[in-house]
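I opened my notebook to record what I looked up, entry by entry, with the sequence and the model side by side.

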Amino acid sequence: MPIFIIPGVIVVAILIFWQFYCKRSIIQSRILDLKMKSPVFNNMKSMMNGIIHYRIYGTENKMAKNMQRTINDSMRCSNTCAFSQRIFGVYIGYVTVIIIAIGIFIGIKFVPDAGLFGLLIGFSLEFVDFLQWFFRQMINIENMMVSVERAFEVSNLPSEGELRT
């Protein structure tokens, strides 16, 4: 039924716009999340390597506070990244529900057969679920590529100079 093509096209257009609008902030939050995990691992490594020195000089509390601050910063960035992805999904859900409701009201007016109307509603809901999954996967792929870019950055760091004594 061509009546249901119009809401489908509207949904796709709005979701493409929403993806381009949100993509940069989601990717930036992911990059920040990945960058804030490195200090946690560095602090853990230095803490494990120098535990005896910290105990000898009585700086366990200072190191614990430093580690707590680093972990809190990392968790804030991780929560921001997760929140931005969730908000993207929630707004996709809102838009699709509104457009499907409009499509149902249009269908009530113009579709004479109840069986065909039920079939159209079922297919439109399935189409919307597919669109939501597709756009979430697109953002997940972008996030994975950010992880790959970060790995390339780390692997292409310049080597240290020769040791001078």
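In which helix does Asp-33 lie? I found Asp-33 in helix 1, where helices (H or I, at least four residues) and strands (E, at least two) are DSSP runs, numbered from the N terminus.

Before going further I noted the ground rules: this is a predicted model, in which local features need pLDDT of at least 70 and side-chain atom pairs count only at pLDDT 80 or more, while totals for chains, interfaces and linings use all residues. Residues are numbered from 1 along each chain as its sequence is written, and side-chain values use heavy atoms, with hydrogens and water left out.

Entry on Asp-33. I looked up its accessibility and found that Asp-33 is buried, because its relative accessible area is 2%; buried means under 20% relative accessible area, exposed over 50%, and partly exposed in between (1.4 Å probe, protein chains only). Not counting residues up to four places away in sequence, Asp-33 touches Ser-74, Cys-77, Ser-78 and Cys-81, and contact here means heavy atoms within 4.5 Å.

Entry on helix 1 and helix 3. How do helix 1 and helix 3 run relative to each other? Their axes come within 9 Å and cross at roughly 170 degrees, with axes being lines fitted to C-alpha atoms, for helices over the stretch in contact, and angles running from 0 to 180 degrees between N-to-C directions. The two helices are therefore roughly antiparallel to each other; I wrote down that angles under 35 degrees count as roughly parallel, over 145 as roughly antiparallel, 65 to 115 as roughly perpendicular and the rest as oblique. The residues in this contact divide into 24 nonpolar, 13 polar and 4 charged, where Ala, Val, Leu, Ile, Met, Phe, Trp, Tyr, Cys and Pro count as nonpolar, Asp, Glu, Lys and Arg as charged, and the others, Gly among them, as polar.

Entry on helix 4. I read that helix 4 covers residues 114-155, 42 residues in number, and that it reaches 61 Å from its first C-alpha to its last, close to the 62 Å expected at 1.5 Å a residue; the expected span is 1.5 Å times one less than the number of residues. Its buried residues include Phe-117, Ser-124, Gln-132 and Asn-143, and what covers the buried residues of helix 4 includes helix 1 (5-49) and helix 3 (60-110).

Entry on the core. Which residues make up the largest nonpolar core? I listed 11 in all, namely Val-11, Leu-15, Trp-18, Cys-22, Ile-26, Phe-88, Ile-92, Ile-99, Leu-131, Phe-135 and Ile-139, a nonpolar core being a set of buried Ala, Val, Leu, Ile, Met, Phe, Trp, Tyr and Cys residues joined through side-chain atoms within 4.5 Å. Helix 1, helix 3 and helix 4 each supply at least two residues of this core, and helix 1 gives the most, with 5 residues.

Gln-19 lies in helix 1 and is buried, with a relative accessible area of 9%.
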